[in-house]
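Q: I am new to this structure. Please show me how to read its features one at a time.

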Amino acid sequence: MSDAPPPAETAIRLAGLRFAFPVDGRRVEVLGGVDLAVERRSVVALVGPNGCGKSTLLRVVAGLLRAAGTVEVEGRRVAGPDPRVGLVFQEPRLLPWRTALANVAFPLEVAGRGRTEREDRARELLGLVGLREWAGARPAELSGGMRQRLAIARALALEPSVLLLDEPFSALDALTRERFNVEILRLWERIGSTIVLVTHSIPEAIFLADRVIVLSPRPATVAADVLVDLPRPRRLADLDAAVVTRTAAAIRAHLAGATDDAYAVAAGEVGRHEALEEAPR
Ligand SMILES: Nc1ncnc2c1ncn2[C@@H]1O[C@H](COP(=O)(O)OP(=O)(O)OP(=O)(O)O)[C@@H](O)[C@H]1O
Ligand SMILES: [Mg+2]
């Protein structure tokens, strides 16, 4: 895993990543030496038990937390919040008083882009996630799935080469979630970015990803790297293929040491997660 492919093909390179939170006067180790190379334009799913460090890992890659070790995106070090990386949090963090359009335009505003450019780009992104008609709506007027799409549109505002999605589907009902999975793949085909997504659903991980990375219980290390040998473009019916069953069995075997309750094995089941992600830093 530390044998990274040549730099031009590597979107994300993590080497020896270690991170600990100070809790009550002691250090709680969360990342225990993570090594991972993610190929450009691929989709990688991260699975692992509750609290193992998945959200922390994404925040480190986005430059929101600083860890020991190496974080590189497109061959360059990530040293702070990085416009090359778009992050969608476990709970969409939208600005409630702003319209959908103004939410998407917000990162462009912070980046100092002019009004016309901001609005044109925000409209284009709303169209991309199927919310063109909802530009004037506020987050409270949108459904959970629509809010997630809005959060994704906002994460894409600065044209990141890497999109990180932290359990973006966990609050959706089973049917919406399946449709959303298909939409994400279509979106990915259109924007051509590298996607890393956290999920507790093994079928979902297989349906979306080229590789499923199984993390160990905290402190997280890469416990297994499972290739998904399923051709693209993919359809939901592909989930019935024998290769999916085999791949799922392999992933479950690697997860065997982890707690069972963290895994919703049927697509659409909601993974339990604690509210720690929202804890103040
Ligand atoms: N802000 C924080 N301060 C202190 N400790 C934290 C903080 N955020 C997370 N932790 C700790 O880090 C560990 C990993 O948390 P993280 O949110 O990364 O896990 P996770 O794998 O995303 O879990 P889940 O599947 O429940 O979302 C947890 O055990 C938690 O106790
Ligand atoms: Mg999490």
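A: Start with axes: they are lines fitted to C-alpha atoms, for helices over the stretch in contact, and angles run from 0 to 180 degrees between N-to-C directions. Helices (H or I, at least four residues) and strands (E, at least two) are DSSP runs, numbered from the N terminus. This is a predicted model, in which local features need pLDDT of at least 70 and side-chain atom pairs count only at pLDDT 80 or more, while totals for chains, interfaces and linings use all residues. Residues are numbered from 1 along each chain as its sequence is written, and chains are lettered from A and ligands numbered from 1 in the order in which they are written.

Q: At what angle do the axes of helix 2 and helix 3 cross?

A: Two packed helices are described by the angle between their axes and the distance between the axes. Here the axes of helix 2 and helix 3 cross at roughly 125 degrees and come within 9 Å. Angles under 35 degrees count as roughly parallel, over 145 as roughly antiparallel, 65 to 115 as roughly perpendicular and the rest as oblique. Helix 2 and helix 3 are therefore oblique to each other. A crossing is left-handed if the near helix is turned anticlockwise from the far one by less than a right angle, and right-handed if clockwise. The crossing of this pair, helix 2 and helix 3, is right-handed.

Q: Which residues in helix 2 meet helix 3?

A: Two residues are in contact if their C-beta atoms, placed from the backbone, lie within 7 Å. On the helix 2 side these are Ala100, Leu101, Val104, Ala105, Leu108 and Glu109. Helix 3 meets them with residues including Arg118, Ala122, Arg123 and Leu126.

Q: Is Arg123 buried or partly exposed?

A: A residue is buried if 20 or more other C-beta atoms lie within 10 Å of its own, exposed if 12 or fewer, and partly exposed in between, with C-beta atoms placed from the backbone. Arg123, found in helix 3, has 16 other C-beta atoms within 10 Å, so Arg123 is partly exposed. Residues up to four places away in sequence aside, Arg123 touches Leu101 and Ala135. From C-alpha to C-alpha, Arg123 and Leu101 are 6.7 Å apart in space, and they are 22 residues apart in sequence.

Q: How many residues of helix 4 are buried?

A: 9 of the 12 residues of helix 4 are buried, so helix 4 is largely enclosed by the rest of the structure. Among them are Leu150, Ala151, Ile152 and Ala153, along with Arg147 and Arg149. The buried residues of helix 4 pack against strand 6 (85–88), helix 2 (100–110), helix 3 (115–128) and strand 7 (162–166). Helix 4 lies across strand 6 and strand 7, and runs at about 165 degrees to strand 6.

Q: In what order do the 6 strands of the open sheet lie?

A: Strands of a sheet pair through backbone hydrogen bonds, either parallel or antiparallel. Two strands count as paired if DSSP finds at least two bridges between them. The order is 6-7-8-3-9-10, with mixed pairing. Strand 6 and strand 10 (222–227) are the edge strands, each pairing on one side only.

Q: Which strands pair with strand 3 in the parallel sense?

A: Strand 3 (residues 43–47) pairs with strand 9 (residues 211–215) over 4 bridges. Strand 3 also pairs with strand 8 in the parallel sense, over 4 bridges. Leu46 stands opposite Val198 in strand 8, and Ala45 stands opposite Val212 in strand 9.

Q: Which way do the residues of strand 3 point?

A: In a regular strand the side chains alternate between the two faces of the sheet. In strand 3, Val43, Ala45 and Val47 point one way, Val44 and Leu46 the other way, and all are buried.

Q: What is the order of the open sheet with 4 strands?

A: The order is 2-1-4-5, and the pairing is antiparallel. Its edge strands, strand 2 (26–39) and strand 5 (76–77), each pair on one side only. Strand 1 and strand 2 pair over 11 bridges, and the bridge partner of Arg18 in strand 2 is Gly32. In their hairpin, which has 2 residues between the strands, Asp24 takes a positive phi near 55 degrees. Strand 1 (residues 10–23) is also joined to strand 4 (residues 68–73) by 5 bridges, with Val71 in strand 4 as the bridge partner of Leu14.
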